[in-house]
Amino acid sequence: MPPVSTDRRAWATAAFVWLAIVLAVAVHQWHFWQHPALDTDVLALLPENEHEPEVSEATRRLADAASRQVFVLLGAADWATARAAAAAWRTGLAAGPSPLKPAAGLDTRTLESAVGFYRPWRDRLLTPAQRQQLARQPAAAWVQKALATLYQPAAGARLTDWATDPLGLWTGWWSERAADTRLRPRDQELWLSEGGREWIALPYEVSGRAFALDGNPVLGDALGRADAAARAVDPAVTLLRAGVPLHGEAAAVQANREINTIGWGSLAAVLLLVWLAFRSLRPIVLVALSLGIGVAAALSVTAWVFGQVHMITLVFGASLVGVAEDYGIHYFATRQGHPDVAPRSMMRQLLPGLALALATSVLAYLTLGLAPFPGLRQMAVFSAVGLAAAFLTAVCWFPWLDRGTVRPTRFAAAVAGSLAGWPRLRLTRRSLWGYAALLLVCGGGWWQLHTSDDIRQLQGSPAVLMQSQRDVGRLLGVPSPAQFYLVRGGSPEQVLEREEALKVRLDGLVHTGRVAGYRAVSDWVPSAQRQAADAALTARVEAEVVSAVNTQLGESLARAPFDTAPLTLERWFADPVSAPARDLWLGPVRGGVASVVMVRGLSDPALLPQLAAVADGLDGVRWVDKTAEISALLGRYRVAMTWLLLLGHVAVYAVLWWRLRHLAWRAALPAVIASGLAVAILGWMGQPFQLFTVLALVLLLGIGVDYGIFLLEHDGDPSAWLAVALGAASTWLSFGLLGLSATPALRAFGLTLLFGVLLVWMLAPMFRPPVSGRP
C-alpha cells in the first residue's frame, strides 16, 4: 500500500479514536451536571497532616459539626423590641423559599432530660472550686449552709430535694456547665444582654443543598427578606450572621461571577482575535470546538480522579481558554501564510513544534501538582488534561474539518508584518548601559519584595460577612475550630485523666480572665479515678454534715443513696444528652484514643504562645494551631517550589537542547528575564511574594518557552509570529482577568502572569538569531 494511503489511514484512525473518547466525555458531562459534585470548602484545598492524621481528623470533625449551621443574632435597645423584631424576622423568612429550618435550642424539656440523666451520679460531679472547698472548708461552715437551705428552701435555686444534695453542690456544677454558652432561656427565646442591647439568637440548619450552582444567593435572598421584615419593626435593629453555609454560598456566587467574567470574557476575546485575523467562521468554530472539548475533558477527568471538583479549580480552569487556543491559532495562522500546503501536510510539519510546546506547558502545569495541596493538584490535572485535549482535537480533527482556504486579512498582515521591525538584542556599549539600568531598577523591586504565607489568601469571603462572623463569635464566646488541644492516650480513661490535668493548668488563665473557659468531654464525663475521689470526698463531708444537722435538730435525716458504678463514656454516648460535646471525642486513632479540648473566648492572638506553653510537659497533650500550621506549610512549599522552579528551568533547557541544540538558550532566556522583571514589578507595587506567585512563574516558564519554540522553529515566518502574537494576547487577557478575582491567591497568580506574559511576548522575538544566521 502506498505510504500516503497509510498516512491517511493512520490519521483517520486517530480521528475516530478521539471521537469515541470525546463522546464518552460528553456522556459523563451529561451525568455530571445532573448532580454536580462541586466543593466550596476552603479546607478541601489544604493538605492533610500526614504525620498526625488525627489532627486532620479533628479539624474535619469540628468543621463538619458546623457545616450546616447558620446563626443569626438580632439586637435591639430593649427586650420588647427585640422580641417583636425576632417574630417579624421569622415571618419574613417563612414568607418565601428558604433552605433554613429551625435548629434545636435550649428548652425546659431538654434541661429536665439532662438533669434526669446525670442524677444518679450527682455525688461525683464537682467543679474545681467545690472540690477545693470540700477539702479545705471546716465541716461547721457546711453545717450552717445546710441548715440555712433546710430552713429556707426558697433561698436558692435547687435541682433536687435536700436529702439528695444537702450541701447544694449540684446547682453549682450545672451553672459551670451552662457557661459553655452565654445564651439563656427567656420567654421561649435564646437571650443575651451585651453592649447595652438585648440580643436574641436564631439558630438554624440548612436542609437540602446549601447553595445554588447558578450564582443565585439562595441563603442570602432568604436572610435578606427576613432582615427587611425585622427592620420594618425597628430600623435600628442590629443583625449579625455566621455559619459555614454562608461562606460556602458566598464562594459559589463569587466563583460563578468570576467564571463568567474570566471564562466567557477570555473566550469572547479569543474568538474576536480569531475573527480579526482570519475573517472566517470556520476558524472560530474549530478553535471554539477545541476549547470546549478541552474544558469538558478536563472537568471529567478531574471529577473522575478526585471525586469532586472545587469551585476555585473551575475559576482557575476558566483561564485555560487563554492557553489552549494556541494550537488552533498556530494551525490557522500557518495555513493563512502557506495556502498551497494541504491541511494534513501542514499539520505534519507543525506537529513537532506543537508537541514540544505541549510537553513544556504540561510539564509546567504538572509541577503545580508536586505540592501536597489537593487544590493545586486539581488545578494541575484540570489544566494538563485540558491542554492535551485541545491539542488532540486540533491535531486529529482540524486536517479533516478544515476544507476551505484561509484568506489573508489586513489585521493579520499588520500583526505578521510587525515582526520585521522588531529589534534583535545585540551586545553594544549603549545596550550594556541599558541592561545595567534595567538591572538596577529590578534590584530595587526585588529589594522591596516581602513574603506572605497567610492561609487567609485562600479565603475570598466578603469583608462584611467575615466581620459579622467575628462579632457573633465574640458575643457568644464560641471557641475557634482552628485552635485546640489534641489529647491522646492508650485508653479512654487515660485520655480523660490527661484532659483533667490540662484543665488544671487552663484554670489559671480562666481565673485571670485571659480566656473565657474551655470545652472538654471530661466536663461531662470525669475519669473513673476522678469520680471515685470526688464521690468519696462528697460522702465524707455530707455524712459529717447530715450527722451534725440531725444532732442539732433531733431528726433522723439520711443522705440519699447514689449509683456506686461510675458514669461511663458508653452510657453517655448512648444518650442524646451527649450531643453538644460528642464531636470533641475522636475515638480510636493510630496508637490509641484521642479527644479535643477547645478554648472559649480566645480573641487575643498574643495569647497563642501562652496556650501552647500550657501543654508543655503534659504527656499526650499537644496544642494545635491549624491556621499557623497551614501558613507555615505554605511558607515551606513556597521555598521548595522556588527551588523546583529553578530546577524546572534547567529541565526545560535540557529538553530544548535535545531539539534546538545551540539555539536552545534563545528559547529559554526570555522566560527567565520575564520572570525576574515580573517579580520586580510586584515588589515595586508592594505585592507580597507568596506560593501562588511562584506557581504563576512555573506556568510562565511553560508559556514563555512556547513562544521561543514557535519563533525558532519557523524563523523568519510571519505566520509563526502571527500565531505567537494572537496566542499571547489571548493568554494575557485570560490571566489578566484572573487578576480581578476576589480570592487573594488567584489574584496574585493573575497579576504575576499579567506582567510575565506581556514581557515574555515582547522579549521572545528579540532573541531570534541575527539575520546572518549566527547564534
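Is Phe767 buried or exposed? Phe767 is buried, with a relative accessible area of 5%; buried means under 20% relative accessible area, exposed over 50%, and partly exposed in between, with a 1.4 Å probe and protein chains only. The structure is a predicted model, in which local features need pLDDT of at least 70 and side-chain atom pairs count only at pLDDT 80 or more, while totals for chains, interfaces and linings use all residues. Residues are numbered from 1 along each chain as its sequence is written, and side-chain values use heavy atoms, with hydrogens and water left out.

**The protein overall**

- The protein has 27 helices and 13 strands; helices (H or I, at least four residues) and strands (E, at least two) are DSSP runs, numbered from the N terminus.
- Of the 775 residues in the protein, 52% are buried.
- Contact means heavy atoms within 4.5 Å. Among contacts between residues at least 6 apart in sequence, 82% join residues at least 24 apart.

**Phe767 and its surroundings**

- Phe767 is in the segment after helix 27 (744–763).
- Not counting residues up to four places away in sequence, Phe767 touches Leu425, Trp665, Arg666, Leu669, Pro670 and Ile673.
- Phe767 and Pro423 are 344 residues apart along the chain, and their C-alpha atoms are separated by 8.9 Å.

**Helix 19**

- Helix 19 (residues 492–511) has 20 residues and reaches 28 Å from its first C-alpha to its last. That is close to the expected 28 Å at 1.5 Å a residue, where the expected span is 1.5 Å times one less than the number of residues.
- A kink of about 30 degrees in helix 19 is centred on Arg505; the bend at a residue is the angle between axes fitted to the seven residues ending there and the seven starting there.
- The buried residues of helix 19 include Val495, Leu496, Leu502, Leu506 and Leu509, and also Arg498, Glu499, Glu500 and Asp507.
- Lys503 belongs to helix 19 and is buried as well, with a relative accessible area of 10%. Leaving out residues up to four places away in sequence, Lys503 touches Tyr518, Ala520, Ser522 and Asp523.
- Just after helix 19, Gly513 has a positive phi of about 80 degrees.

**Helix pairs**

- The axes of helix 5 (residues 128–136) and helix 7 (residues 169–178) come within 9 Å and cross at roughly 150 degrees. Axes are lines fitted to C-alpha atoms, for helices over the stretch in contact, and angles run from 0 to 180 degrees between N-to-C directions.
- Helix 5 is therefore roughly antiparallel to helix 7; angles under 35 degrees count as roughly parallel, over 145 as roughly antiparallel, 65 to 115 as roughly perpendicular and the rest as oblique.
- Helix 5 makes this contact through Pro128, Gln130 and Leu134, and helix 7 through Leu169, Gly172, Trp173 and Glu176.
- By class, the contact of helix 5 with helix 7 has 4 nonpolar, 2 polar and 1 charged residues. Ala, Val, Leu, Ile, Met, Phe, Trp, Tyr, Cys and Pro count as nonpolar, Asp, Glu, Lys and Arg as charged, and the others, Gly among them, as polar.
- Helix 16 (residues 410–417) and helix 26 pack at an angle of about 100 degrees, with their axes 8 Å apart, which means that helix 16 is roughly perpendicular to helix 26.
- In this second pair, Phe411, Ala412, Val415 and Ala416 of helix 16 meet Pro718, Trp721, Leu722, Ala725 and Leu726 of helix 26. The contact of helix 16 with helix 26 has 9 nonpolar residues, no polar and no charged.

**Two buried serines**

- Ser730 lies in helix 26 (residues 718–738) and is buried at 1% relative accessibility. Ser730 and Leu271 are 459 residues apart in sequence and 9.2 Å apart in space, C-alpha to C-alpha.
- Ser631 lies in helix 23 (residues 626–660) and is buried, with a relative accessible area of 16%. Apart from its neighbours within four places in sequence, Ser631 is in contact with Asp453, Asp454 and Ile455.

- Most residues other than glycine have a negative phi.
- Asp187 is not a glycine, yet has a positive phi of about 55 degrees. Asp187 lies in the loop between strand 4 (184–186) and strand 5 (189–194) and is partly exposed at 38% relative accessibility.
- Arg661, also a residue other than glycine, has a positive phi near 55 degrees. Arg661 is in the loop between helix 23 and helix 24 (664–685) and counts as partly exposed at 45% relative accessibility.
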